[in-house]
Amino acid sequence: MAEVKNSGTARGGGWTRFVTARPRLSLLVALVITALAVVAGSGVGDRMGSGGWEDPDAESTYATQVLEREFPASQPNVLLLLDAGAAGVDDPAVAAEARRTAERLDAEPGVSGVGSYWATGSPALRSKDGRQAVIAARIEGEEKEAGEILQRIAPAYRGTHGPVEVSLGGPLAVRHEMQTVIQEDLLRAELIALPVTLVLLVMVFGSAVAALLPLGIGIVAILGTNAVLRGLTEFTDVSVFAQNLTTALGLGLAIDYALFVVRRFREELAAGADTRTAVGTTLRTAGRTVLFSALTVAVSLAAMLVFPQYFLRSFAYAGIAVVLLAAAAALILLPAALMLLGDRVNALDLRRLFARRRAARAGDGAGPAGAGRGDEDGAGWARTAALVMRRAPVFVVATTAGLVLLGLPFLGVKFGTADDRQLPSTSESRVVQDQLRDGFPGTPGGGLTVLAEGGATPAQYADYRERIADLPGVERVDGPVTSGSGARAHASFTVVPEGEAVGEGAQRVVGELRAQEAPFDTSVTGAAAVLTDSKDAIADRLPWAAAIIVVITLLLVFLLTGSVLIPLQAVVLNALSLTAMFGAVVWVFQEGHLSGLLGFTATGDIETTLPVLMFCVAFGLSMDYGVFLLSRIKEEYDATGDHEHSVRFGLRRTGGLITAAAVILAVVMVAIGTSRVTNTKMLGLGVALAVLMDAMVVRSLLVPSVMKLTGRLTWWAPGPLRRFHDRFGISEGGGPAAAPVAAREEGAEEAPRDREPVG
């Protein structure tokens with residue numbers, strides 16, 4: 001056993017020598033790489049998409065692509081809303097200006113399928129009061145190309161033209177405006193989060209120098225991830241929403257990791273170690289914990305790669321990159337900086353300054369020992385742990401019941417699709433869609449389209465139309481519109497369902513249409529069909545994503561602790577910590593409570609991919625804090641063999657740190673939650689709530705009480721697994737787990753060290 005432990009120490013020493021041999025050179029190289037990342041990542045937001053909720057392999061996606069090619073007029077993505085005021089849309093001057101506008105639009109490169117109320121006379125394109133009417137068109141090309149065309153031509157059409165006022169709407173305009181709003185909101189969130197985070201770090205560390213280190217690590221991680229995302233846009237679609245996660249995790253995790261590393265480094269210095277020894281011990285202990293934490297968070301985010309929607313996959317790309325970069329910066333750049341700073345890491349210590357002033361007024365010229373390091377003794381947390389463990393059954397039952405109760409609203413969740421109501425009510429494209437929704441007959445975008453492929457006679461088309469018109473929940477059927485002939489013939493039927501565009505009734509109609517027999521191949525698309533396919537895709541792959549997260553998390557936590565029970569506890573308690581987040585999502589964002597205060601429009605449903613995204617992000621962050629706590633408990637248990645003392649010691653050493661990290665991360669997420677886009681607001685505020693609940697309830701109350709109930713059984717593992725952990729497992733104590741465990745197995749008695757006050 002001793003040989004294994006020495007081997008681990010040697011490996012730790014090699015790593016220490018690698019990252020601290022030339023600290024100035026390491027920091028210079030990092031500065032150059034960061035500067036290159038700034039250049040490489042510039043303009044990344046302009047290359048991202050704002051969609052990605054659809055399954056690219058779904059029936060609805062296929063049908064949409066064929067309809068765009070064969071019937072571009074049936075799939076408009078840009079709408080020009082012409083407001084004629086009191087004159088009305090049938091006024092001759094208004095009609096003449098509208099026709100000129102439509103002709104100009106039809107002549108634009110990349111624009112096809114132009115149609116209007118004045119060309120077709122369709123009542124669906126004329127408002128109920130006769131003051132407004134619509135010109136519809138399709139801008140061709142992929143999302144980025146179409147957005148560039150819209151940005152080029154929009155100024156020539158927007159505004160007053162003779163007797164009409166023109167506004168732009170439609171799906172493409174909504175996506176383009178959403179992309180712009182997200183980038184503006186992200187900049188504002190960064191301007192809010194950075195100074196507030198710096199103030200909180202100064203409060204945590206006391207030292208302005210120590211506070212700047214985590215902030216610098218976070219900025220490096222964010223800039224590096226932007227460069228990675230910029231490179232990915234050359235090969236695949238990336239959602240603009242992923243930039244928000246880059247900022248949140250870049251700051252949050254970098255601060256978490258740097259807090260843990262700097263805190264341990266200062267502990268070692270305070271214990272009398274020289275700078276190099278303190279850095280080495282920090283890397284062998286806190287450094288290993290940071291590495292394990294980064295792996296668990298990355299695994300949770302990587303699970304989103306199993307889903308086909310590029311919206312979810314984009315968060316996996318951004319999340320994995322920012323987690324690994326934050327960990328690399330914390331394990332390479334930060335030790336180099338600490339080597340150069342040494343004791344000066346405590347410089348500009350504001351709390352020490354205030355403490356000296358108070359001491360001087362009291363007639364004592366010396367500051368308190370260890371000033372500037374905060375309440376690192378953690379006696380308050382030790383007393384909390386002791387209280388919780390004395391009343392363990394009460395805390396387990398009460399805390400679990402409370403968390404389950406907070407999650408009950410999620411049982412009433414309804415899934416939908418993101419639409420223009422994600423935007424602020426004053427956004428141009430949102431205003432246009434609101435006017436179409438409220439002032440025009442029918443529901444814009446609410447129709448379903450059936451694509452028919454293969455030759456058929458007019459009688460066969462007519463028979464099919466009659467049969468689908470008789471289906472329950474169908475209001476009317478229009479068409480068919482045909483193109484081609486023989487085997488290359490295509491036809492489209494527009495089916496208008498009763499009720500809401502993506503309601504349960506419309507989704508049932510989708511199923512009925514797909515079940516209908518026909519003498520030709522049929523495919524169904526439309527908002528309800530896209531939603532149905534998206535839910536099916538998520539349901540099909542969700543078990544795989546959950547299995548990836550659970551299995552790899554169990555393995556990593558086992559390698560850290562050597563216990564069979566602790567990994568199971570970690571997974572269950574982490575999942576339990578998310579109940580408040582999911583309950584709040586439904587109660588606030590679906591049902592609309594606090595919508596006025598938070599400034600969003602409730603639509604009565606939750607976008608299908610959001611719960612998956614929020615689970616993966618929040619679960620990973622919860623594991624982050626879980627690893628921090630468990631690593632210190634395990635380190636103490638290896639040294640003493642005293643289970644209850646080790647739990648108290650672990651909470652004493654990490655309780656304040658985890659709470660501070662959670663508050664700082666919550667501040668960053670709340671800054672993201674100030675976004676004017678509802679989904680981003682939901683993500684930011686929901687994850688902030690989950691992080692605070694995990695740190696302040698689960699880690700502080702539930703974990704110590706559960707570990708009290710399980711007792712020494714907490715550390716049990718069958719012989720083969722114990723030997724596997726002895727050989728391959730990593731503990732914060734320095735290497736593969738060992739000598740103390742082996743000694744206890746042989747009956748050796750060890751006295752607990754550093755007994756903390758628990759009174």
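**Close-up views of a predicted model**

**View 1. The pair of Phe 558 and Phe 724.** Phe 724 is partly exposed, with a relative accessible area of 35% (buried is under 20%, exposed over 50%, partly exposed in between; 1.4 Å probe, protein chains only). The model is predicted, so local features need pLDDT of at least 70 and side-chain atom pairs pLDDT 80 or more, while totals for chains, interfaces and linings use all residues. Residues are numbered from 1 along each chain as its sequence is written, and side-chain values use heavy atoms, without hydrogens and water. Phe 558 counts as buried because its relative accessibility is 8%. There are 16 aromatic pairs (ring centres of Phe, Tyr or Trp, the last by its six-membered ring, within 6.5 Å; planes under 30 degrees apart are stacked, over 60 edge-to-face, the rest tilted). The ring centres of Phe 558 and Phe 724 lie 6.4 Å apart with planes at 25 degrees, so this pair is stacked. Phe 558 belongs to helix α18 (residues 527-561) and Phe 724 to helix α25 (residues 719-728), so that distant parts of the chain, 166 residues apart, are linked (helices, H or I, have at least four residues and strands, E, at least two, as DSSP runs numbered from the N terminus).

**View 2. Phe 241 and its surroundings.** Phe 241 forms one aromatic cluster with Trp 53, Phe 311 and Phe 315. Beyond neighbours within four places in sequence, Phe 241 is in contact with residues including Ser 50, Met 178, Ile 182 and Asn 679 (heavy atoms within 4.5 Å). The largest nonpolar core has 147 residues, and Phe 241, Tyr 257, Val 323 and Leu 613 touch the most other members (buried Ala, Val, Leu, Ile, Met, Phe, Trp, Tyr and Cys joined through side-chain atoms within 4.5 Å). Helix α11 (residues 310-341) gives the most to this core, 18 residues. Another core, of 28 residues, lies apart from it, with Val 78, Ala 95, Ile 139 and Val 164 among them.

**View 3. Helix α10.** Helix α10 spans residues 275-302 and bends by about 40 degrees at Leu 283 (the angle between axes fitted to the seven residues ending there and the seven starting there). Of the 28 residues in α10, 21 are buried, and the helix is mostly covered.

**View 4. His 490 in strand β9.** Strand β9 covers residues 490-497 and contains His 490. With a relative accessible area of 9%, His 490 is buried.
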